[in-house]
Amino acid sequence: ERIEFYYTPKHASWLNMAEIEINIMETECLNRRIASADILISEIKQLTTAKNKQKKKIKWGFTKRDAYKKLSHHFVP
């Protein structure tokens, strides 16, 4: 009944992480026809459990030094 709007930055690391996870999910279990919602939910839970056990992290290539080089002209000395 009520809509709430939240500001979400377009270029945030959480958004990149979400896109990576959605891509993995699509590749691993959504790239085929699935017969029912129950099967879909089960497969997503299995994928999520397996991924969480791996405890992999995303290593960002953009460092503080890179950020300073790219963005320092925006800062007032």
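Biologist: Among the elements of the chain, which has the lowest mean pLDDT and which the highest?

Modeller: Helix 1 (residues 13-29) has the lowest, 81, and helix 2 (residues 37-54) the highest, 90; pLDDT is the predictor's confidence in each residue, from 0 to 100. This is a predicted model, in which local features need pLDDT of at least 70 and side-chain atom pairs 80 or more, whereas totals for chains, interfaces and linings use all residues. Residues are numbered from 1 along each chain as its sequence is written, and side-chain values use heavy atoms, without hydrogens or water. For the chain, the mean pLDDT is 81, and 88% of its residues reach 70 or more.

Biologist: How do you know what the secondary structure of the chain comes to?

Modeller: Helices (H or I, at least four residues) and strands (E, at least two) are DSSP runs, numbered from the N terminus. The chain has three helices and zero strands, in the order α-α-α from the N terminus.

Biologist: What is the reach of helix 2 from its first C-alpha to its last, and what is expected?

Modeller: The 18 residues of helix 2 reach 26 Å, close to the 26 Å expected at 1.5 Å a residue. The expected span is 1.5 Å times one less than the number of residues.

Biologist: Why is Lys 55 called exposed?

Modeller: Exposed means over 50% relative accessible area, buried under 20%, and partly exposed in between (1.4 Å probe, protein chains only). Lys 55 has 68%, and is therefore exposed. Lys 55 lies in the loop between helix 2 and helix 3 (64-71), and has a positive phi of about 50° although it is not a glycine.

Biologist: Why does Ile 24 count as partly exposed?

Modeller: Ile 24 has a relative accessibility of 25%, so it counts as partly exposed. This residue lies in helix 1. Between Ile 24 and Leu 47 there are 9.3 Å in space, C-alpha to C-alpha, and 23 residues in sequence. Across the chain, buried residues make up 4% of the 77 residues.

Biologist: What makes up the lining of the largest pocket?

Modeller: A pocket is an open set of points on a 1 Å grid with protein on both sides within 12 Å along at least five of seven lines, and lining residues have an atom within 4 Å of a point. The lining includes Ile 24, Leu 47 and Lys 55. Helix 1 and helix 2 are the elements that give two or more residues to this lining. The space in the largest pocket is about 270 Å³.

Methods: On a 1 Å grid over the protein atoms alone, a cavity is a set of points where a 1.4 Å probe fits but cannot get out, and a pocket is an open set with protein on both sides within 12 Å along at least five of seven lines; lining residues have an atom within 4 Å of a point. Grid points are joined across faces, edges and corners, and a volume is the space filled by probe spheres set on the points.
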